[in-house]
Amino acid sequence: ATAVGTYKSSDGGATWTYSNHDGPEPATGFPSGVARPILVDPGDTDVLYVRSGNVLFKSTDAGGNWGVIKTFDYGLKYIALAPSNPLVLYAFTLNGVYRSADAGETWTTKLEGFLLYQNILTLVVHPTDPDILYGGLSNNSDAFVTKLNSTATAYVYSTFLGGAGADVGNAVATDSAGNAYVTGYTNAVEFPTTTGSYAPLSAGT
């Protein structure tokens, strides 16, 4: 996604096609502010979602035209789509977690007040279970990863990642077994690592 619309590649990024079929002008209905992330329906790649501010936008023609499907009251931070059931969407806001089971038409509130005022950086749904959600965030100089249960009403685990220095979690992903992987950076020389890990020691500041 760019400031004027979206581009699509069908050859692994070698070439790109502008999504607005009418020309280089901004796509109809595309948000004027920062739009991220872009979510693609794995069952129908013409269906896209983006967030801009507190508003969730949707396109059903590969980005040529966009419409608002939900305006959240306050602090929309991140959105996620379930790969195994693309009708299921999640939204993290400063007021709580919201879930849609009908591609964004209606929403229910989950864990109201959850992660209040936290800096949510990424959100991902389990690849085979649409009821399991992972959230990653950075709060000041530390990070942690939280997994929710199948009803999104309680924690399965919440693990702290940090040391004496600055620690930031930038993204989280899962594999088919449900293992979570976190990327980020640290200035802490005592940051916990496992045997055989790449660059297990920080150079410090």
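Is Tyr98 buried or exposed? With a relative accessible area of 17%, Tyr98 is buried, because anything under 20% falls in that class. Let's see what surrounds this residue.

The mean pLDDT of the protein is 79, and 79% of its residues reach 70 or more. Among the elements, β6 has the highest mean pLDDT, at 91, while strand β12 (residues 133-139) has the lowest, at 69. Where pLDDT is low, the predicted coordinates should not be read in detail.

A search of the whole structure turns up 2 aromatic pairs. In one of them, the ring centres of Phe72 and Tyr98 are 5.4 Å apart and the planes stand at 65°, so this pair is edge-to-face. Phe72 sits in the loop between β6 and β7, whereas Tyr98 belongs to strand β9, so the pair ties together parts that are 26 residues apart in sequence.

Phe72 also forms an edge-to-face pair with Trp107, at 5.4 Å centre to centre and 80° between the planes. Trp107 lies in the loop between β9 and β10, 35 residues from Phe72. Both Phe72 and Trp107 are buried. Lys70 lies over the face of Phe72, at 5.4 Å from the ring centre.

## An open sheet

Now for the strands: 4 of them form an open antiparallel sheet in the order β3-β4-β5-β6. β3 and β6 stand at the edges with a single partner strand each, so one side of each has no neighbour in the sheet. On average, neighbouring strands are turned by 25° against each other, direction ignored.

Strands β4 and β5 pair over 5 bridges, and Leu48 has Ser59 in β5 as its bridge partner.

How values were computed
Residues are numbered from 1 along each chain as its sequence is written. This is a predicted model: local features need pLDDT of at least 70, side-chain atom pairs count only at pLDDT 80 or more; totals for chains, interfaces and linings use all residues. Side-chain values use heavy atoms; hydrogens and water are left out. Two strands pair if DSSP finds at least two bridges between them. Helices (H or I, at least four residues) and strands (E, at least two) are DSSP runs, numbered from the N terminus. Axes are lines fitted to C-alpha atoms, for helices over the stretch in contact, and angles run from 0 to 180 degrees between N-to-C directions. pLDDT is the predictor's confidence in each residue, from 0 to 100. Rings of Phe, Tyr and Trp (its six-membered ring) pair if their centres lie within 6.5 Å; planes under 30 degrees apart count as stacked, over 60 as edge-to-face and the rest as tilted. Buried means under 20% relative accessible area, exposed over 50%, partly exposed in between (1.4 Å probe, protein chains only). A charge sits over a ring if NZ of Lys or CZ of Arg is within 6 Å of the ring centre and within 35 degrees of the ring normal.
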